[in-house]
Every structure is written in structure tokens, then in C-alpha cells.
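Dear colleague,

I am handing over the structure below, and after it you will find my notes on what was found. Please read them with the coordinates open beside you.

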Amino acid sequence: MPLLWVKLHGMTQDGPTRRDVLKAGATAAAITPVLTQPVLAGAAAPSGAITLLVNGERHQVEVEARVTLLDALRERLALTGTKKGCDRGECGACTVLADGKRIKSCLTLAVMQEGREITTIEGLAEGDELHPMQAAFLKHDAFQCGICTPGQIMSAVACVAEGHAGSDQEVRDWMSGNLCRCSCYPNIVDAIREAAGR
Amino acid sequence: MKLFDYVRATSTGDAVSAGGDYIAGGTDLLNLMKDGVEAPDRVVDINALPLGGISLDAGVLRIGALARMAEVAAHPAVRHRLPVISQALLDSASPQIRNMASISGNLLQRTRCWYFRDTAFACHKRRPGSGCPAQDGQNRWHAILGGSDRCIAVHASDLAVALTALEATVVTHRRRIPISEFYLLPEGTPERENVLESGELITGIEVPVTTLASRSRYLKLRDRATFEFAVVSVAAAVRLRGGEVDDVRLAFGGVAPRPWRSPEAEAALKGGPLTDERIRAAGQALVRDARPREHNAFKVELVQRALAQILGGFR
């Protein structure tokens, strides 16, 4: 079975060198002789060029291995709707959907999400028409400062899709991965309950 | 985060020979790397390995190493035949993290001792020989059982507590390890938390499906209602016959550096009814060797009350 060798370099500031590329091939060969195609290292863009599918669009971006999905979305794709709160998976502000499931984009590497369909807050509305969850958050005044809101809404969309919005208590439990320091929780619960009822 | 090489493995053999830190969900490893607690030169993505899935066959539930927490918690066979696993998982982390984190990664997550997680502090687990500020520091969350002068950090996995009560087996690419022998007590070497050898890859977990296991429950006490680690927790499986305890297994979380099984407490319950008096005796047997520190003496009482509460539900 072939080893899919995606080497994202321990890059220097100047970017990967030809030696890095060659070294990648050599190391791979040492691991197992049959395999070893340095997939990215030999490509035209000799660094970590990866393909991300975000909100239905395919993007090729160059990243170091250590770049999280969150940073790739914000810094490379300029999709700044996804917020960076704690960067440790505790606040939920960075919640996005990967193949329809909610995840914390700060806790996964961008390269690990190749091949998955990522949906961010920018991908919810249909043109000028808000997603019902966005409309419900507006109607119920479910935010104050707004920084947690994109994560709240992405998590809420998944919460309803999972069937975990059957009671106020269930919503509270299944939205516990999203913190709101303005403490708009009652309004958030109301918004989700209404959107779930539609 | 320090720079590193990232490789994807498509077979177990490739993963093992790649020689790096394995990553599946990444929900713990990436935090450790961001904080400088871990700094691997190479990260080996094992998500493409055929190690997912959950199956029930010949009285054994097999959970693939890459099965996600959410997937296992929701599986009908797990919910109905091994409810303590489902309950422990749903009481863990947040929905987002349960979608991401793998079962094997859950078992290997590092302690939430904040001295360990903050590189500004000494820590024998992180830098052997440097010290253990928890001994005389903020030790409210720390161990009352099984600790040593070098480490009193507790293991954070709820799942591991449930699997300990069910006598599960950890399967690696080269051997099978009963979970009772998987985790190590810190003693003089807290940096060594389990018996895995360098590069050894967990491929799955096996859990015997028994009538006892179908009567299992999890109780987790914590500082807020959800999305928090245990202060103390109990996994219990009880089988009654004619009103008397025919078989019982008890495992505890939040009180020790590894999931804590108490044969003494189990022995105190077997062969008699679940009376308040017998439950109290079991609790006392559990904490007989407890060694609380300045801020965690409350756990000695709390874990006995948790035991009483969960056992009361079996009457």
C-alpha cells in the first residue's frame, strides 16, 4: 500500500530549499522502499501547497504544516468571519463545519482537512437571504459584542441538524462548547429553539 | 508552535516506520504543541488508516482506534449493551471535540495538571528531575490515591474510567494489553504514563459484552454542568441476584493518576444487599489509603458520596 508522502517542510523564512525537497524524498525512501512519492515537494509550488474546499469553492493555499485550519481560513483565505478566541478549543468561536459536522478549527491542521468540505459563517446565507439561524439570532437579539456569534451560529446549525435542540436544557447541554462572555445564553437558546421549530 | 514535518500514512506499517508523533483528532496534541509541552520533529497523520468502525461480534465490542467519541457514544450497541461508555463519552469535552477526537487519542490524552501544561513551571512529568509544584501548590484537582512525591496529576479521560470498570483490552499493532495493566502509576517516573513502547500504535479497543456490563452507569461530578473535567467520577456495574450483589465493578476518575479500580470496595459489596451501611463500608475501603493534600481533602468525602449516589441507583 503506498505511503502518501505529503511533506510540509520545516520551512525557513525563505521557504523550502531544493535540498529540503530532495531530503524529503530521501527520508521517505528510508522509511519504506516501495513507496515514496514526495507529492507536494516535487510539485511546481515546492512547498506545502494544499487544496481546501471552503463554502463550495476550491482554494489552493501554501501553508506550513503547523498552520491550523483557523489560521488558514483567516490569514490565507481572508475568511475572517471565523473568530480566534482562545486558540485552545475552549471557547468555540472558531467553530466551522467539516463534512457537515461541527469542529473547532483551531484544533486541527489545515493540511488535515484536505478533501473535506468546510463550511464557515460566510457560507450560510443564500445571497442576501440570511440562513434561518442567522435570522433567528437577529430576531432574538442573541448577541452583544458579537465575537462569539459566528461560532455560536455554526454550532447551532449543527446542533439542530443533529437533533439536539428538542428542549431548552438539551440546547444548553449541546451548545456548551460555545462560550459567550456577554452571557447572551437565554437569547441564544431562544433563537435556536425557534430555528429548530421551523 | 515549532516547525515540523507532516506525513500521511496509509498503512499501519508505514505509520509505525515513519517515526513521529501520531495525530488523529489532534485536539490534545495541537494544544500541547502550541504551548511548547510537546515539540515533535515529525507528525504522522494516521487518519487514512483502516482503523475506524465499531462492531459487535461473539460477545465482544470492537472499537477501532480512529472511531470518534461522538460516533461511539451514539452507537446503538454501545448505548444499550455498554451504557457506561456512552455516558462517559457524552459527559466528556464538547460536541465539537467529540466529533474530532479519536478513541485512542482520548485514552492517551495528557493530564490537565496546569503545572504540567505550563512550561514556566517545573514538572517531573515534563522535565524529569525538575520538581512538582503541585505537592504544595494549587492541588485542588489532584490525586488523593496512587500519587507519589514526584507527581499527583490525575488522568483526565472519562472513557478510560468506564473501560477500566468493563475490563477492556487495548489492542496495539503488536500485542493486547488489559486496561488494568495499561496505565502506570507515577512512582519515580511520572513521565511514563502507560506501557506503550516508542512507536507502538493502538489499533483498537475490545470490550466484553456481558450482562454485568449492560448494567453499568457513569457519574461525573464537576465544577460546572457540562464541558468540564471531573473533580471525581465513578463508573459502576452491578448485578443483583435475589437482592444481593452477585457481581460488581467499580472504577473511579479524578482521584488518581490512572483510572482507579478498587477491589477492596468491590469486596465490601459482594454477597450482600445494597444497604446504606454496606455502601458506606465500601466507600471507607476505597479511601483507606487516601493521602489528600492541602486543597483536595474534600475529594475523600466527595468520592464516597458519589459512590453512594451511583450505587443507590441500582437498588
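Two residues are in contact if their C-beta atoms, placed from the backbone, lie within 7 Å. Helices (H or I, at least four residues) and strands (E, at least two) are DSSP runs, numbered from the N terminus. This is a predicted model, in which local features need pLDDT of at least 70 and side-chain atom pairs count only at pLDDT 80 or more, while totals for chains, interfaces and linings use all residues. Residues are numbered from 1 along each chain as its sequence is written, and chains are lettered from A and ligands numbered from 1 in the order in which they are written.

I begin with chain A. Its secondary structure comes to 6 helices and 7 strands, which follow the pattern β-α-β-β-β-α-β-β-β-α-α-α-α along the sequence. Of the 198 residues in chain A, 44% are buried (20 or more other C-beta atoms within 10 Å of the residue's own; exposed means 12 or fewer, and partly exposed lies in between). Among contacts in chain A with a separation of 6 or more, 57% join residues 24 or more positions apart. In helix α2 (residues 69–76) of chain A, the buried residues are A:L69, A:L70, A:D71, A:A72 and A:L73, and the buried residues of α2(A) pack against β3 (49–54) and β4 (57–62) of chain A. After α2(A) comes A:A78, whose phi is positive, near 60 degrees.

Next, the contact between the chains. Chain A gives 34 residues to it and chain B gives 30 residues. On the side of chain A that touches chain B, β1 (4–5), β6 (101–104) and α5 (168–174) of chain A each supply at least two residues, and the largest share, 4 residues, comes from β6(A).

In chain B, 5 strands form an open sheet in the order β4-β5-β8-β6-β7, with antiparallel pairing (two strands pair if DSSP finds at least two bridges between them). The edges are held by β4 (54–57) and β7 (176–178) of chain B, each with a single partner strand, so one side of each is left without a neighbour in the sheet. Strand β6 (residues 169–172) of chain B is joined to β7(B) by 3 bridges, the two running antiparallel, and B:V171 stands opposite B:R176 in β7(B).

The axes of helix α12 (residues 276–286) of chain B and helix α13 (residues 298–312) of chain B come within 9 Å and cross at roughly 140 degrees (axes are lines fitted to C-alpha atoms, for helices over the stretch in contact, and angles run from 0 to 180 degrees between N-to-C directions). The contact is made by B:I279, B:A282, B:G283 and B:L286 of α12(B) together with B:V303, B:Q304, B:L307, B:A308 and B:L311 of α13(B).

Two residues of chain B deserve a look. B:A153, in the loop between α8 (114–117) and α9 (158–165) of chain B, counts as buried because it has 28 C-beta neighbours inside 10 Å. The C-alpha atoms of B:A153 and B:R112, 41 residues apart along the chain, are separated by 7.6 Å. B:V84 is among the residues that touch the most other members of the largest nonpolar core, which has 152 residues (a nonpolar core is a set of buried Ala, Val, Leu, Ile, Met, Phe, Trp, Tyr and Cys residues joined through C-beta atoms within 7 Å). Leaving aside neighbours within four places in sequence, B:V84 is in contact with residues including B:A162, B:A165 and B:L166.

With best regards
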